[in-house]
Amino acid sequence: MTTDQPALAPALPAPRSAPAGPPAAAEPPAAGPERPPRGGFLVKAFGVTAVLSAAGSGLGLLRDLLLARYFGASQGTDAFLVAWTVPETAAPLLIEDAMSFLMVPAFALALVLREEDPDAPDPVRQLVRATLPWLLLALSGLALAAALGAPQLVELLAPGLPDPGLAVACTRITAITVLPFGVAGYLAAALRAHHSFTAPAGIYVAYNLGILALLFGFHGVLGVRSAALGVALGSLLMAVLLVGPFLRHLRTGPAAAGRTRRSRNALVLMPLALLPVAAFTLTRQSQVFVERYLGSALPPGTISHLNYAAKVSQLAMTAGILICTVTFPLVARALAAGDLTAARDRVEKDLGQAAAVVLLGTAFLMACAPSAVSLLFERGAFGPGDTAATAAVIRVYSFGLPAQALIGVMIRPYFSLRPVVRRADDPRREDGGRRLLDWYPVAAMLLGLAVTVTVGLLATPRFGALGLAAGNASGITATAALLLRGLVLRGIPLRLRRVLGDHGRLVLAAAGGAVAGAAAASLSADPLLSTLSGGLTVVLAFAALGTGLRAREVRGPVLAAARAVGLGPDRRALNLPTVPDEGKSPHGR
């Protein structure tokens, strides 16, 4: 493998339309154990990912409950949350976003080349040898720099903290996470490209178990430092969990012994492709920096209220992102093979399904935020005033949740069109416009960040934390609108009128569900009964309205459930697509 400058050709072959048959058949046939998945693979992979991710989210919620119980919303929790900015920034950069955007397409292309030329040296092993050592060196340097620069980092993030010493101590501890987070993200991307989802889905279970172990055992002795030490321990457990499965996949790939002929399709490394991906992720995370900076000048506990609200709100968004986490390797492989039509169909379906899940969660949060926060947090040092403040922030945050989910779906295929590697035999060169499009998501995120800062500065003096939450929701929504157009400019021919029409129906269903759920939740003063009655009403109203509005992402599952219990008409009578027809274009691809 060699290195190259980004002005050389993109990694994709010339676009081609998909062959006849279902979308799964559009991928090139595999010659070995990397055969593309078929049948119920997506259902099984999503099931495993959903269960383990739900377990990780549940443990993360328990972690936040313990933080609230032991330390409430105080100067101590504010100091810890400022230190938590390091792993909060490292996680999307090194696990969830940038590393995945870069390495899943890179490994997908390596697997395509392995299938096309089985007798050549294994491109997967070549990719690992060319990238992993440099990654380890860079991550070690970043971790050391974050630890040494902790005082300056705390001053930059939260200049209004009354006692920055505790935040500095916790920041030096959490700086350790940079190295294991990066290793975990790299290994998880490789495993997902190989269609192995179990171990990557379990990393947040390991992470939160490490935090909980130290919180339980040492909160009375170490205070909030126990949470910082738990974050460091949990990050190490994440990386350890993935090492074994990663090595097994390398060893069980096609044997390297018989691969003696020089490859016609060697991979060329394009290191500068890292820059727009990393810049986008850091710019997106800057919304948290804005909140911490402006929130540090507000009354003590404000940063904690924002944190608890964000953690609860993002549970709904995380559920929607699970869909594209499972399907992203399929999109990346379709793009690596040049099949833009199959990629478009998959992305449109992901946008609709993610929007349906997130809007249902948004409706629940709008309706039941006060009772849900009271049920979850109101105990120990977390009082009724904290409940009211957190619930109000959740309702404002929720306006931006659909946009956050859509960005998570769209940015994956966008960056897959220019992965960190390309084919060595691709003779084409890029023009300046194509290179500029690499930076389109960064420009969209910067414009969204400008909206966040403007709204925050204007609204915070009068509305406090609610003004910060409004700025967050406004900025992320502006970015999502720009990226929706950018995906079309990039070359994936989304049918925008169809996508926006489907989303409009889902928004109407969610609005109706929220109104009905709020009315039901207000009938009881008990937090548990209020949450259950309001949540059930939201689900039923969303399902009924979505079905009546003919929103496909709602109507299909509702009618399938009705048929399963013998209450609905046959699928053919409704003129709904059968399983082999799902994803076909209007021209019968």
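L294 counts as buried, because its relative accessibility is 17% and the cut-off for buried is under 20%. This residue belongs to helix α12, which covers residues 274-295. The model you are looking at is a predicted one.

What does L294 touch, once its neighbours within four places in sequence are set aside? Its contacts are G456, L457, T460 and L468.

Now turn to D78, a residue of helix α2 (residues 75-83). With a relative accessibility of 6%, D78 counts as buried, because it too falls under the 20% cut-off. Leaving out neighbours within four places in sequence, D78 is in contact with L161 and with P300, G301, T302, I303 and S304.

Here are the two residues side by side.

| Residue | Helix | Relative accessibility |
|---|---|---|
| L294 | α12 (residues 274-295) | 17% |
| D78 | α2 (residues 75-83) | 6% |

Let us step back to the whole protein. It has 589 residues, and 57% of them are buried. The protein contains 22 helices and 3 strands. Among contacts with a separation of 6 or more, 85% are between residues 24 or more positions apart.

Next comes the core. The largest nonpolar core holds 153 residues, and F80, M103, F107, Y186, F280, L351 and F377 have the most contacts inside it. Which helix gives the largest share of this core? That is α14 (residues 340-377), with 17 residues. F377, one of the residues with the most contacts in the core, is in contact with L61, D64, L65, A68, Y308, V312 and F382, leaving aside its neighbours within four places in sequence.

Helix α14 also meets helix α20 (residues 496-521): their axes come within 8 Å and cross at roughly 20°. The two helices are therefore roughly parallel to each other, since angles under 35 degrees count that way. Their crossing is right-handed. On the α14 side, the contact includes E348, L351, G352 and A355, while on the α20 side it includes R498, V499, H503 and L506. By class, this contact has 15 nonpolar, 4 polar and 2 charged residues.

Terms used:
Residues numbered from 1 in each chain as written. Predicted model: local features only at pLDDT ≥ 70, side-chain atom pairs only at ≥ 80, totals over all residues. Heavy atoms only, no water. Core = buried A, V, L, I, M, F, W, Y, C linked by side-chain atoms within 4.5 Å. Buried < 20%, exposed > 50% of the residue type's maximum accessible area, 1.4 Å probe, protein only. Helix = DSSP H or I, 4+ residues; strand = E, 2+ residues; numbered from the N terminus. Contact = heavy atoms within 4.5 Å. Axes fitted to C-alpha atoms, helices over the stretch in contact; angles between N-to-C directions. Parallel < 35°, antiparallel > 145°, perpendicular 65-115°, else oblique. Left-handed = near helix turned anticlockwise from the far one by under 90°. Nonpolar A, V, L, I, M, F, W, Y, C, P; charged D, E, K, R; others polar.
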